[in-house]
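Visitor: I am new to this structure. Please show it to me, and then let me ask a few things.

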Amino acid sequence: ILDLDVYKGEILIGGEFGDPDSSRSINLIFWNSNKFEQLATDYPGGVVQQLIVTDSVVYIYSNTIHNITVNVYKWDNISFMDMNYPYKGFIRISLFNNDLFVFDAFYDLLLKYNNGKWDEMELPFSSVMFYSPFDLVTWDNKIWFCATGYFRYYMGYYDGQGIDTIVAASF
């Protein structure tokens, strides 16, 4: 189990419960107060790393072993839509002002999903130190992100206008 959220009054669970490279793995389930069930039989596959739930949709970040494929899906209670995430690597997802954002510290990017494509914003640090994204949250009308790398860490935010650094340091 890698993530939990509440969807339509049930506990939605993401993780690795079958073959992560299967095109129809059962890695997205819910608890209906009596037993575990698949959310849908047509889940495209991959290990579910993170769930973002709204009143009407679920956003899912999944990957396969060694991040050979990284996917972001949107579930609208009828079908899954592949949002065609263009990179490989460990990411975090979050909503900000009703838009989906991806924090990809491996490629030094904050990405916003915009009408079928991903708009890229470069982050003010270098992945030469190989940062890993640790979290992405919305607070105080900003989307905050933090990352850590080899003896370095970074924290900053995006306010809808630009990216600002709070701390970037070595330890």
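Guide: This is a predicted model, where local features need pLDDT of at least 70, side-chain atom pairs count only at pLDDT 80 or more, and totals for chains, interfaces and linings use all residues. Residues are numbered from 1 along each chain as its sequence is written, and side-chain values use heavy atoms, with hydrogens and water left out.

Visitor: Is Pro-44 buried, partly exposed or exposed?
Guide: Buried means under 20% relative accessible area, exposed over 50%, and partly exposed in between (1.4 Å probe, protein chains only). Pro-44 has a relative accessible area of 26%, so Pro-44 is partly exposed.

Visitor: What separates the C-alpha atoms of Pro-44 and Ile-26?
Guide: Pro-44 and Ile-26 are 18 residues apart along the chain. Their C-alpha atoms are separated by 9.4 Å.

Visitor: How many salt bridges does a search of the whole structure find?
Guide: A salt bridge is a side-chain nitrogen of Lys or Arg within 4 Å of a carboxyl oxygen of Asp or Glu. Side chains of opposite charge can pair when their charged atoms come close. Across the whole structure, the search finds 3.

Visitor: Which residue forms a salt bridge with Asp-140?
Guide: Asp-140 is partly exposed, as its relative accessible area is 46%. The closest N and O atoms of the pair are 3.3 Å apart, and the partner is Lys-142.

Visitor: Is Lys-142 buried or exposed?
Guide: The relative accessible area of Lys-142 is 18%. Therefore Lys-142 counts as buried.
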